[in-house]
Amino acid sequence: MVLLTRLGGVPRLLGRVGAVNGSRWIHGTAALAQQGAAYNERLFGHVETSVNTFPILHTGGVHPVPVTLMPGEGIGLEVANSMIRVFEAADVPVEFERFEFTDLDEGVPDAVVASFRKNGVALKGPFNTPVKSKSKSINIILRTTFDLFANVVHCKNIPGVETRHPGVDVVVIRENTEGEYSGLEHETVPGVVESLKIISREKSIRIAEYAFQYAERNNRKKVTAVHKANIMKQSDGLFLQCCREVAARYPYIEFDNMIVDNTCMQMASKPQQFDVMVMPNLYGNIITNIACGLAGGQGLFPGANFSPTAAIFEQATRHAAKSIGGMDVANPSATILAGVGNPILFHSRLGSMTNSLCWLVFFLKRTEGDDAAIPPICQAARPSSPISRRR
């Protein structure tokens, strides 16, 4: 369940909701916060925070945190607006600096770059990169400009969402700045194109170290390196060698490796065998989409992109879904979780609010078809169409 609330409104809201639905509701801010914190930690990883306090937002005790917002295109505008309504309903002290742009030829506007450089945290919607476009992807421009080297997506079964496989709980960690996404292509002679795949020791060591540190800090038991070193012996061979070197420094964490094509098959047949997975850029894109599909779909899971000094949060699969944009049928859950789960609030030192906010999607799913069960403060984020039918 979810209760969007602030300290001053907790007793009134909890009492009203309890009267509506009896034993379905949690009574008491400590119990609510503890359950929210436990769910949040399972979904996003461990973050130190108090579970018994909420910020007081009426007295000016919390200054608004500036966050750069890029809604993107396609479904991006509507799902971003859903997330904003949640923040407004809860009086979350975040001030969005909103920039709407979609022209690939112009790239990322200077004002956006300046805003993100100043704020260090952003929420980004999906940007479509057409096959025929010769312009560089906005996603790649952002990753390389700000050295957002680690893409992290945690996919796990969500109560109430039916999936083919139970027990899915996998963290996909993707190197975000090189590999096939380097964008270095040229036509050597007419009809022959070369595309350069860049794998460096420095960045391979860095992403492997990130994966093992993530596993260590979140009590994960195994890290799997995904590669194609049997064919790309130098590039993927270097990546695998770096992962092995880092693994040797973490003997208490199990390490194995798997060829990428076998990984896809194993993900589809027995995803429960995977824990933390680390891989180069293109493989990470593919495996992330498979993981999200296995655990419920593209509209459910958030993703995070980290540099040493900044972070961008978004839906994990980054599909603009332009064919349904503006129809208000896209599932906003991933964007809501990107905003109110661990990422933006914890990254912005407002983590104590997320212990209640991160339950929003779970709450809406459990109350589907029961509009009388929705507290008024949650109506702001209630989907206009049933969440199970939303993509």
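A residue counts as buried when its relative accessible area is under 20%. Phenylalanine 116, at 1% relative accessibility, is therefore a buried one. Keep that cut-off handy as you look around this predicted model. Here's a quick tour of its cores, a helix, some cysteines and a few aromatic rings.

**Nonpolar cores**
- The largest nonpolar core has 42 residues, and the members touching the most others are Ile173, Val223, Val276, Val278 and Phe313.
- Helix 6 (residues 201-217) gives this core its largest share, six residues.
- There's another core apart from that one, with 22 residues, among them Val153, Met279, Tyr283 and Ala316.
- Take valine 278: leaving aside neighbours within four places in sequence, its contacts include Ile173, Ile207, Ala208, Ala211, Val223, Phe239 and Cys243.
- As a rule, nonpolar side chains in soluble globular proteins tend to be buried together.

**Helix 6**
- With 17 residues, helix 6 spans 24 Å from its first C-alpha to its last, close to the 24 Å expected at 1.5 Å a residue.
- Its buried residues are Ser204, Ile207, Ala208, Glu209, Ala211, Phe212, Tyr214 and Ala215.
- After helix 6 comes asparagine 219, which has a positive phi, near 55°.

**Cysteines**
- How many disulfides are there? The count is zero.
- Cysteine 243 is in no disulfide, and its nearest cysteine sulfur, in cysteine 242, sits 7.0 Å away.
- Cysteine 243 has a relative accessible area of 0%, so it's buried.

**Aromatic rings**
- The structure has eight aromatic pairs.
- In one of them, phenylalanine 116 and phenylalanine 146 have ring centres 4.6 Å apart and planes at 80°, so the pair is edge-to-face.
- This pair links distant parts of the chain, 30 residues apart: phenylalanine 116 is in helix 4, while phenylalanine 146 is in the loop between helix 5 and strand 4.
- Phenylalanine 146 is buried as well, at 12% relative accessible area.
- Tyrosine 250 and tyrosine 252 make an edge-to-face pair, 6.1 Å centre to centre with 70° between the planes.
- Is each of these tyrosines buried or exposed? Tyrosine 250 is buried at 6%, whereas tyrosine 252 is exposed at 53%.
- Phe149, Tyr210, Phe306 and Phe313 form one aromatic cluster.

**Serine 137**
- Serine 137 sits in the loop between strand 3 and helix 5, and at 11% relative accessibility it's buried.
- Its side chain reaches the backbone nitrogen of asparagine 139 at 3.1 Å.

Terms used
Residues are numbered from 1 along each chain as its sequence is written. Side-chain values use heavy atoms; hydrogens and water are left out. Helices (H or I, at least four residues) and strands (E, at least two) are DSSP runs, numbered from the N terminus. Buried means under 20% relative accessible area, exposed over 50%, partly exposed in between (1.4 Å probe, protein chains only). A polar contact is a pair of N or O atoms within 3.5 Å; within protein, one must be able to donate a hydrogen and the other to accept it, and residues adjacent in sequence count only if both atoms are side-chain atoms. A nonpolar core is a set of buried Ala, Val, Leu, Ile, Met, Phe, Trp, Tyr and Cys residues joined through side-chain atoms within 4.5 Å. Contact means heavy atoms within 4.5 Å. The expected span of a helix is 1.5 Å times one less than its number of residues. A disulfide is a pair of cysteine sulfur atoms within 2.5 Å. Rings of Phe, Tyr and Trp (its six-membered ring) pair if their centres lie within 6.5 Å; planes under 30 degrees apart count as stacked, over 60 as edge-to-face and the rest as tilted.
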